[in-house]
Amino acid sequence: AGYLVRNETTGNRHGLARTIGDLDSALRSAIAGGEVLHEVVIGTAPLRAMLDLDASQTDIDATGFTRDSVWAMTINAFVDSLGSLGSRDEIIARVAAASSSDDSKLSAHILYTGSLMADHKEVRGFLDAVRDSLPDSLRAFVDAGHVCAQFGLRLVGCSKEGRRKVPLQHSIDNGLVTLRDYLVQPSARSP
């Protein structure tokens, strides 16, 4: 059992870190070497409710909304779609968000750390609910296309095109500061 990773830089498709400590060491080494690691998510196993938000500033400007309002509406839709899991404040306290946004792009991974969903099909249904609660012009910013039987998300700390994925202050303030907090599948599993 362990954590599967893919090294985007070297093309190594599946490495295995046996423990969270091994994964953390591999991540630190990759970052130091300028490499990009992705968590390999096995969609047929339990995983966190998650959302991959990607929008260029040009696309945001075309909607007539501000960047801040796109972020707020997306977070609200995410939290509201989890409403049966607790109070709004309880859910918000368990939302881990990491961003690699800059002036040209709004990019973030948002995860709910409170419980796991059964599989990728349940996550797809959740993402459909999130998208349905957003204005039509924002729905394309929620990337649901990659959530399938196996997919990958860039690990927190890694850079892409000079943008490093880092936890947002709200998440840090709520104690969501470890690598495990930002994994879609936070428990070691059999490959």
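View 1. Setting aside neighbours within four places in sequence, H109 is in contact with L51, D52, A96, A97, A98, L153, R154 and K165, contact being defined as heavy atoms within 4.5 Å. Residues are numbered from 1 along each chain as its sequence is written, and side-chain values use heavy atoms, with hydrogens and water left out. As the model is predicted, local features need pLDDT of at least 70 and side-chain atom pairs count only at pLDDT 80 or more, whereas totals for chains, interfaces and linings use all residues.

**View 2. The largest pocket.** The largest pocket has a volume of about 190 Å³, and of the 15 residues that line this pocket, H38, D52, D54, H109 and K160 are the closest to its centre. On a 1 Å grid over the protein atoms alone, a pocket is an open set of points with protein on both sides within 12 Å along at least five of seven lines, while a cavity is a set where a 1.4 Å probe fits but cannot get out; lining residues have an atom within 4 Å of a point. Grid points are joined across faces, edges and corners, and a volume is the space filled by probe spheres set on the points. Strands β4, β6 and β7 each supply at least two residues of the pocket lining, which divides into 1 nonpolar, 5 polar and 9 charged residues. Here Ala, Val, Leu, Ile, Met, Phe, Trp, Tyr, Cys and Pro count as nonpolar, Asp, Glu, Lys and Arg as charged, and the others, Gly among them, as polar.

**View 3. The largest cavity.** With a threshold of 30 Å³ or more, the count comes to 1 cavity, and the largest cavity has a volume of about 70 Å³. The elements that give two or more residues to its lining are β6 and β7 (150–154). H109 belongs to this lining, together with E39, A98, L111, L153, R154, L155, V156, K165, Y182 and V184. The lining residues of the largest cavity divide into 7 nonpolar, 1 polar and 3 charged.

View 4. Strand β4 pairs with β6 in the antiparallel sense over 9 bridges, and L53 has A108 as its bridge partner in β6; two strands pair if DSSP finds at least two bridges between them. Of the 10 residues of β4, 8 are buried. Strand β1 (residues 3–7) has 5 of its 5 residues buried, with Y3, V5 and N7 pointing one way and L4 and R6 the other. Antiparallel to β1 runs strand β2 (residues 15–17), joined to it by 3 bridges, and A17 in β2 is the bridge partner of Y3. Strand β3 (residues 37–42) also pairs with β1 in the antiparallel sense over 3 bridges, where R6 stands opposite H38.

**View 5. Packing of helix α3.** The buried residues of α3 are V70, T74, I75, A77, F78 and V79, and they pack against β4, α2, α4, β5, β6 and α5.

Technical notes. Buried < 20%, exposed > 50% of the residue type's maximum accessible area, 1.4 Å probe, protein only. Helix = DSSP H or I, 4+ residues; strand = E, 2+ residues; numbered from the N terminus.
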